[in-house]
Each structure stands twice: as C-alpha cells, then as structure tokens.
Amino acid sequence: MRWTCSRCGKEHVGLPLDWAYDRPTYWDGGQSKDDWLTEDLCVWTDDAGKRNYFIRGVLYIPVDDADQTLGYGTWSSLSEDSFKRVCEMWDDPKRTDEPAYFGWLSNSLPGYPETLNLPLDVVIQEIDKRPALVLHEGEHPLIAEQREGISMERVRAVAELNMHD
C-alpha cells in the first residue's frame, strides 16, 4: 500500500501498525541513584522524593477494515506492591494466572486529547510478550477506539502524527 503523507508530502509504502515509547513521560534521566530504566521497567523518584514504578505494555486497538491491530507500546504506572509482584513473577510461566494490576497510562499519545493518566488494567501475558494495557470505561476517544476499533484511514492519520512529532 502506497500513500502520500499529508504532513511531509513524501510517498510511503505500508502503514506502520506499532508505535513505541522508550520511557514514561515522567522519566527525566533520574534524580536519584536508585532510579533506573530498562526496555520494560522503570523506577523514578519525583521532585517530592516519592518513588514511582512503571511497566511498558501494549495498548491494542483493532483495525476495522483489516485483520490487524494497531499497537501502542506505552508505559503504565504500577503501585509499589504490584511492581514488586511483577518483578517476582517475571520469569515464571504462571505469571499469566495473576490478576490484572491497576495503573495509569504514562504517555501522551498524539492525535488525542491528553491521554496521560487514563486509568487502565495491566494484563500480564506470556513470558515472551509485554503486558496488554486495557483502558477503563470512560468518555475519552482513545477508550472508544480501543473498544470499537478504527479504520485504516485513522491508522494513516496516526502514522502521520507519529512520524512527524
């Protein structure tokens, strides 16, 4: 599929269906010697000295007119207890038996009203997969898209925004 980007005017081949964020919005390089960031987990100390915990997962959005999904590799906060449990179960195949953990979306996604801090469930997947992030019910357009799906034309609009942020 060839398409011309309305933002840069260039012709592109194919639509990317995955976008990833390499850190939570809050990460500023760390303020404490105890702060750290990997591809999957993050511990960060805020200005008030409070430790915050994050996990990277995938927020899936079905694409209506294709047998595919759009996946946002975004971050979610976790409570300290949930974070410790996730770390404890990290390499255990039984981790899929764990109940979902509550979190807050920790990235701002372009093309939507502010997405930072939308409530969600972190659903742990098999060892070779990142957790699924499932937004709670609400009136936000991203929530509606996760529940109802989006068109390929919307995927194209998302691609244009993400390619030119």
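# Salt bridges, rings and core in a predicted model

Modeller: Salt bridges join Arg-85, Glu-88 and Glu-98 into a network. The model is a predicted one, in which local features need pLDDT of at least 70 and side-chain atom pairs count only at pLDDT 80 or more, while totals for chains, interfaces and linings use all residues. Residues are numbered from 1 along each chain as its sequence is written, and side-chain values use heavy atoms, with hydrogens and water left out.

Colleague: Why is the contact of Asp-40 and Arg-130 called a salt bridge?

Modeller: The term requires a side-chain nitrogen of Lys or Arg within 4 Å of a carboxyl oxygen of Asp or Glu. For Asp-40 and Arg-130 the N to O distance is 2.8 Å, so the pair meets the definition. The structure holds nine salt bridges.

Colleague: Which parts does this pair tie together?

Modeller: Asp-40 belongs to the loop between β4 (36-37) and β5, and Arg-130 to the loop between β9 and β10, so the pair ties together parts that are 90 residues apart in sequence. Helices (H or I, at least four residues) and strands (E, at least two) are DSSP runs, numbered from the N terminus.

Colleague: What does the relative accessible area make of Asp-40?

Modeller: Buried is under 20% relative accessible area, exposed is over 50%, and partly exposed lies in between (1.4 Å probe, protein chains only). Asp-40 has 21%, so it is partly exposed. Arg-130, with 27%, is therefore also partly exposed.

Colleague: Why does Glu-137 count as exposed?

Modeller: Its relative accessibility is 64%, so Glu-137 counts as exposed. Its side chain meets that of Arg-147 in a salt bridge of 2.9 Å, N to O.

Colleague: Why is the pair of Tyr-53 and Phe-83 called tilted?

Modeller: Rings of Phe, Tyr and Trp (its six-membered ring) pair if their centres lie within 6.5 Å; planes under 30 degrees apart count as stacked, over 60 as edge-to-face and the rest as tilted. The centres of Tyr-53 and Phe-83 are 5.0 Å apart with the planes at 40°, so the pair is tilted. It links distant parts of the chain, with Tyr-53 in strand β6 and Phe-83 in helix α1, 30 residues apart. Both Tyr-53 and Phe-83 are buried.

Colleague: What kind of aromatic pair do Phe-102 and Trp-104 form?

Modeller: Their centres are 5.0 Å apart and the angle between the planes is 90°, which makes the pair edge-to-face. Phe-102 is partly exposed with 38% relative accessible area, and Trp-104 is partly exposed with 37%. A search of the whole structure finds six aromatic pairs, and ring pairs link Tyr-26, Trp-44 and Phe-54 into a cluster.

Colleague: How do you know that Arg-154 lies over the face of Tyr-112?

Modeller: A charge sits over a ring if NZ of Lys or CZ of Arg is within 6 Å of the ring centre and within 35 degrees of the ring normal. Arg-154 is at 4.8 Å from the ring centre of Tyr-112 and lies over its face. Arg-95 likewise lies over the face of Trp-90, at 5.4 Å from the ring centre.

Colleague: Which residues touch the most other members of the largest nonpolar core?

Modeller: A nonpolar core is a set of buried Ala, Val, Leu, Ile, Met, Phe, Trp, Tyr and Cys residues joined through side-chain atoms within 4.5 Å. The largest has 36 residues, of which Leu-59, Ile-61, Leu-70, Tyr-72, Val-122 and Leu-142 touch the most other members. The elements giving two or more residues to this core include β6 (51-63), β7 (68-78) and α1 (80-89). The most comes from β6, with six residues.
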